[in-house]
Amino acid sequence: QQHTDKVKALLQTYGVADPVVNDTVGVFQNAQLLSLYTQLVAQGRKSSLDALYVGAFIEETDIADLQKA
C-alpha cells in the first residue's frame, strides 16, 4: 500500500492522470495482467510453498522490468 500511495503522490505532483479507474483486487483493464493474476492466484493457492514461488516470481519480474526501464 505504501508503494501505491507513493506512486499516486508522484502522479499528482507531475499532473499525470491516474490510469487506475478501479482499484478492486483482481480487477484489471489489461487482459494480459488479468490472465497472469488469475494464473498466479490459482498457483499460489495450491500450497504455502507454491505461494512462495509465486511471490518470488513476482519480485523477479518486477526487478527485470525495472532493469529494462
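## Leu 40 and its helix

Let's start inside the chain: Leu 40 sits in helix α2, which runs over residues 31-44. Keep in mind that this is a predicted model.

Is Leu 40 buried or exposed? Its relative accessibility comes to 11%, so Leu 40 counts as buried, the cut-off for that label being under 20%. Buried residues make up 6% of the 69 residues in the chain.

Leu 40 and His 3 are 37 residues apart in sequence, and their C-alpha atoms are 21 Å apart in space.

## The overall fold

What does the secondary structure of the chain come to? You'll find three helices and zero strands. Going along the sequence, that reads as α-α-α.

How does the radius of gyration of the chain stand against that of a compact globule? The chain has 14 Å, while a compact globule of 69 residues would be near 11 Å. Along the principal axes, the C-alpha atoms fill a box of roughly 40 × 25 × 20 Å.

## Helix α1 and what follows

Helix α1 covers residues 2-13, which gives it 12 residues. From its first C-alpha to its last, α1 reaches 16 Å, close to the 16 Å you'd expect at 1.5 Å a residue.

After α1 comes Gly 15. The phi of Gly 15 is positive, near 65°.

Phe 28 has a relative accessible area of 32%, so Phe 28 is partly exposed. Tyr 37 comes in at 30% relative accessibility and also counts as partly exposed. That label covers the range between buried, under 20%, and exposed, over 50%.

## Surface and charge

As for charge, the chain carries 5 positive and 8 negative charges.

Technical notes:
Residues numbered from 1 in each chain as written. Predicted model: local features only at pLDDT ≥ 70, side-chain atom pairs only at ≥ 80, totals over all residues. Heavy atoms only, no water. Helix = DSSP H or I, 4+ residues; strand = E, 2+ residues; numbered from the N terminus. Expected span 1.5 Å × (residues − 1). Buried < 20%, exposed > 50% of the residue type's maximum accessible area, 1.4 Å probe, protein only. Rg over C-alpha atoms; globule rule 2.2 N^0.38 Å. Lys, Arg positive; Asp, Glu negative; His and termini not counted. Charge placed at Lys NZ, Arg CZ, Asp CG, Glu CD.
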